[in-house]
Each structure stands twice: as structure tokens, then as C-alpha cells.
Amino acid sequence: MRKIIILLFALTMFNTTWSQSESKADRDKRMEWWRDAAFGMFIHWGVYSVPAGQYKGQEVKGLGEWIMEDAKIPISEYEQFAKQFNPQKFDAKEWARIAKDAGVKYIVITSKHHDGFAMWDSKVSDYDIVDFSPFKRDILKELTTACKAAGIKMCFYHSIMDWHQPDAKAAKYPHQSTENPDWENYRENYLKPQLKELITNYDPEVLWFDGEWIDEWTEPQGKDLYAYLKSLKPSLIINNRIGKGRKGMNGMNAYEDAAGDFGTPEQEILEGTSDFDWESCMTMNDTWGFKTNDHNWKSSEKLIHNLIDVAAKGGNYLLNIGPKADGTIPPETVSRLADMGKWLKVNGEAIYGTNGRKDYKEGDNIRFTVSKDGKTTYAMITKLPADRKVIISSVLVSASSKISLLGYSNGPWKVDRQNGKLVIDMPEKLPGEHAWVVKIVN
Ligand code: H79
């Protein structure tokens with residue numbers, strides 16, 4: 001009885017301290033670089049890039065990184081793909097250069113996806129890139145070093161669900177049969193120690209959890225893990241999939257006081273702004289992990305417009321790439337990233353370090369962001385009307401407002417201020433493609 005009372009007391013303490021453990025000012029400070037970053041690169045890379053969507057000569061429907069489950073591949077057979085994972089052309093510096101040129105400020109790479117294979121030299125398990133594959137190089141270490149040198153923040157995706165570790169077997173995915181799974185043992189003696197290795201040896205800035213929806217994982221376990229990780233590195237930022245709070249693919253929290261620092265819409269963008277931090281993760285084609293036959297690429301224009309839409313609504317855009325098993329990044333991916341970087345070079349000041357705006361749009365083709373001091377509004381125009389006349393009526397302008405077009409310094413450039421409304425004749429020769437930014441300084 002006494003034990004139960006003490007336990008109840010401890011739980012109450014924990015619940016009340018959860019949301020109060022950090023002041024708003026401290027939280028704002030911790031989240032600042034991430035909010036300012038606005039644009040990140042997701043990387044799904046692992047053993048699944050070897051089969052690349054095909055098993056026994058058949059195309060497997062669904063996401064590339066889900067092939068082990070979708071094709072019901074036995075563990076011993078999947079391990080043979082791990083034995084073939086030998087990305088001889090992997091060049092961490094080249095990847096960092098591609099990321100830098102794309103204008104991303106952080107990278108989130110799969111340290112371990114649902115298949116359980118660790119992309120670093122883990123001492124907790126031999127099922128990793130150094131001990132199990134012929135490659136024998138620590139991918140996370142090389143990429144961390146290269147990204148640090150390029151000024152890009154390094155972050156890790158990590159799957160709670162694990163289809164390989166025998167104790168982690170989940171009731172929902174029964175085809176990988178193990179005799180006596182012991183979730184508690186997996187959690188305490190595998191999951192936590194591996195995460196500790198990641199923090200101690202690679203010092204990531206964000207931990208991005210996933211695979212939390214299985215019934216074995218609970219909200220108290222999520223809060224316990226959150227507290228544990230923050231005790232190892234107080235400045236860590238952790239997504240809401242560490243607990244059970246996320247609302248399906250919409251990704252925002254379904255209840256108050258859910259564990260985690262930001263919401264995670266997947267393959268979608270919120271309808272408007274949110275008081276809770278969020279990041280929209282999205283693929284460039286229809287898969288996260290590389291699939292040979294997925295050629296359904298979004299256009300550069302679409303990707304840029306998505307970035308603009310997300311920024312106007314105050315979120316971050318985490319755009320995925322799925323490198324190939326040989327260590328190269330598909331050319332279709334590289335060219336799209338280069339286009340985004342080219343656009344950001346001219347227009348980045350409207351994206352980085354800005355806030356979204358409650359009235360995030362005017363019509364279908366104008367989106368707004370606002371500088372932190374509130375004095376500058378950026379009107380991002382994603383499509384010009386046929387007469388090239390852009391009208392902006394939802395931004396306060398006066399005779400002294402300074403109005404410019406980013407990347408454009410020579411005339412003719414005609415701006416009328418009519419009753420606080422801006423009427424802009426956009427120039428014939430525009431600075432760049434896909435979207436143009438009118439900067440309004442008050
Ligand atoms: O890593 C990529 C995918 O492999 C992974 N998340 C991205 C970032 C992913 N796993 N599953 N899915 C995507 C789709 C699965 C959705 C479901 Fe559910 C899981 C449907 C039911 C359980 C998520 C949680 C949606 C509802 C509850």
C-alpha cells in the first residue's frame with residue numbers, strides 16, 4: 001500500500017513538473033536556432049536502399065523503408081541485405097556541400113529506422129554499419145564531422161519500434177516471430193543505451209522519434225525517455241513522437257501536456273498557424289527510402305511553394321532525400337535541391353529567422369512572413385496575374401514605407417500606394433523563377 005501511495009505521489013509530481021519544468025523564456029531560447037532555421041533536410045538511408053523497393057524480382061508496393069514489413073521478409077533474409085550494404089561512393093563532404101547549397105540549416109538522418117539497423121558503430125549491438133556490413137565505416141560520424149564543418153546542425157531520426165531486436169517485437173507487426181519478447185528489457189538495455197551513445201558520441205541537436213504508435217509504447221514511457229535524454233543534453237530538441245500525443249498524419253498534439261517540443265505533420269502542411277511549434281516533413285517523390293522505380297518527383301516550383309507556405313504559417317519544412325545504396329544521391333534530387341538553394345540565395349531573408357503571420361495569405365498566390373521585430377513584412381508571390389499587377393491590401397503601408405523587390409535593383413519598378421493598398425507593376429525581367437518577394441519595411 002505504501003508503495004502505491006509513493007508511486008501515485010511520484011506520478012503526480014511528475015505530471016505537474018512536466019510542463020512547468022522550463023520557463024517560456026528558457027524554452028524560447030532553446031528553440032531559437034530551430035525556429036530560425038526554417039528549412040531542414042531529412043535523410044532516409046539504410047539497409048532498405050539495397051533492395052530499393054524490390055524483393056524476389058517483384059516490385060513491392062509502399063514505402064521503400066517499409067519493405068521488410070510489407071514483403072514480410074524474415075529477419076535472417078533481411079540481414080543478407082545488410083551484408084550487401086556497401087556504399088563505396090558515400091562522400092560525407094559532398095553530401096554536406098549539397099545540403100549547404102540547398103540552403104538547409106539542419107540535417108535529420110536515420111540513425112536507426114524500423115528495421116533496427118544502426119548507422120553508427122554501436123557498442124550495444126553488432127547490427128550496425130561497422131560490425132555487420134562490409135562497409136565498416138561509421139556513417140553518422142563522417143556526416144556529423146562534415147556537417148559541423150559546413151555549419152549545418154546534425155540531428156538524428158530514431159525509431160522506437162524495432163523489427164530486428166528480439167525483445168522489441170510488437171504485437172501489431174507479428175510476422176517477425178520471437179519467442180519471449182521483453183519490451184522493458186529492450187527499452188532499458190537497448191533503446192536507452194543506444195540513444196545515450198548517440199548523444200555522447202555525436203552530440204546531435206534534435207532527436208526525431210518515430211514508430212511510437214505501437215501499443216507497447218506509452219505516454220509515461222515517452223515522458224520518462226524525454227527526461228532521460230534531456231538530463232544527458234539539456235539543449236536537445238525532441239519531436240512529439242517521443243510520446244503518444246500526435247494526432248495521426250496531421251502530427252499535432254491530440255491532448256494537452258503531451259511529451260515533445262514540436263508537432264510533426266507528415267506529408268501535409270497545416271491549414272494555418274499554430275501556437276505549438278511544428279515541422280512538416282515531406283518526400284520529394286512518394287517514398288522516404290530509395291526505390292528504383294519511384295519517379296513521381298515533385299517539381300522544384302512545388303517544393304519552393306511548399307517551403308513558402310510552411311514559413312508563412314510559422315512552421316519548418318523538413319524535406320526528405322533517399323540516397324542510393326552506393327552512397328550517391330539521385331540526380332533528380334540534387335537538381336531540385338540546387339533550385340531551392342538558388343531561390344533561397346535571393347529570397348532567403350523572407351524565410352530564415354522570420355515569423356509566420358496569422359493572416360498568412362492574401363488570395364491564393366501571396367504568402368506573408370514577418371521579421372522578428374515586426375517592422376518588415378515579406379510578401380511572397382507564387383504566381384503573377386496576366387497583367388503583372390500585384391495588389392497587396394492586407395499590409396499596413398504609409399508614405400514612408402520602404403518597398404523593394406528582393407534580388408532586383410534596377411527599374412522600371414512601379415509601386416502605387418492607394419489608400420494604404422499597394423499596387424505593384426511587376427517588372428518584365430524578374431529576379432529568378434518560381435516566386436518573388438516584395439519587402440515592405442515600416
Ligand atoms: O520514416 C518515414 C516513414 O517510414 C514513417 N514516418 C516517416 C517519417 C512512417 N511510418 N509509417 N508511416 C509512415 C505510415 C504509417 C501510418 C500509421 Fe498511424 C501508423 C497508420 C497507423 C499507424 C500514424 C500513427 C498515423 C496514425 C497513427
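**Close-up 1. Phe-90 and Trp-95 in the predicted model.** Both Phe-90 and Trp-95 are buried in this predicted model. Phe-90 and Trp-95 belong to one aromatic cluster, together with Trp-45, Phe-85, Phe-117, Tyr-127 and Phe-132.

**Close-up 2. The aromatic pair of Trp-66 and Tyr-173.** Across the whole structure, a search finds 23 aromatic pairs. In one of them, the ring centres of Trp-66 and Tyr-173 are 5.7 Å apart and the planes are at 65 degrees; angles over 60 degrees count as edge-to-face, so this pair is edge-to-face. Trp-66 is located in the loop between β3 (58–59) and α3 (67–70), while Tyr-173 is in the loop between β5 (153–159) and α7 (183–202), so the pair ties together parts that are 107 residues apart in sequence. Trp-66 and Tyr-173 are both buried. The pair of Phe-90 and Trp-95 has ring centres 4.8 Å apart and planes at 85 degrees, and is therefore edge-to-face.

**Close-up 3. Charged side chains over the rings of Trp-33 and Phe-368.** Lys-153 places its charged end over the ring of Trp-33, at 5.2 Å from the ring centre. Over the face of Phe-368 lies Arg-357, 4.1 Å from the centre of the ring.

Close-up 4. The relative accessible area of Asn-306 is 6%, so the residue is buried. Leaving aside residues up to four places away in sequence, Asn-306 touches Ile-269, Met-282 and Tyr-317.

Technical notes
Residues are numbered from 1 along each chain as its sequence is written. This is a predicted model: local features need pLDDT of at least 70, side-chain atom pairs count only at pLDDT 80 or more; totals for chains, interfaces and linings use all residues. Side-chain values use heavy atoms; hydrogens and water are left out. Rings of Phe, Tyr and Trp (its six-membered ring) pair if their centres lie within 6.5 Å; planes under 30 degrees apart count as stacked, over 60 as edge-to-face and the rest as tilted. Helices (H or I, at least four residues) and strands (E, at least two) are DSSP runs, numbered from the N terminus. Buried means under 20% relative accessible area, exposed over 50%, partly exposed in between (1.4 Å probe, protein chains only). A charge sits over a ring if NZ of Lys or CZ of Arg is within 6 Å of the ring centre and within 35 degrees of the ring normal. Contact means heavy atoms within 4.5 Å.
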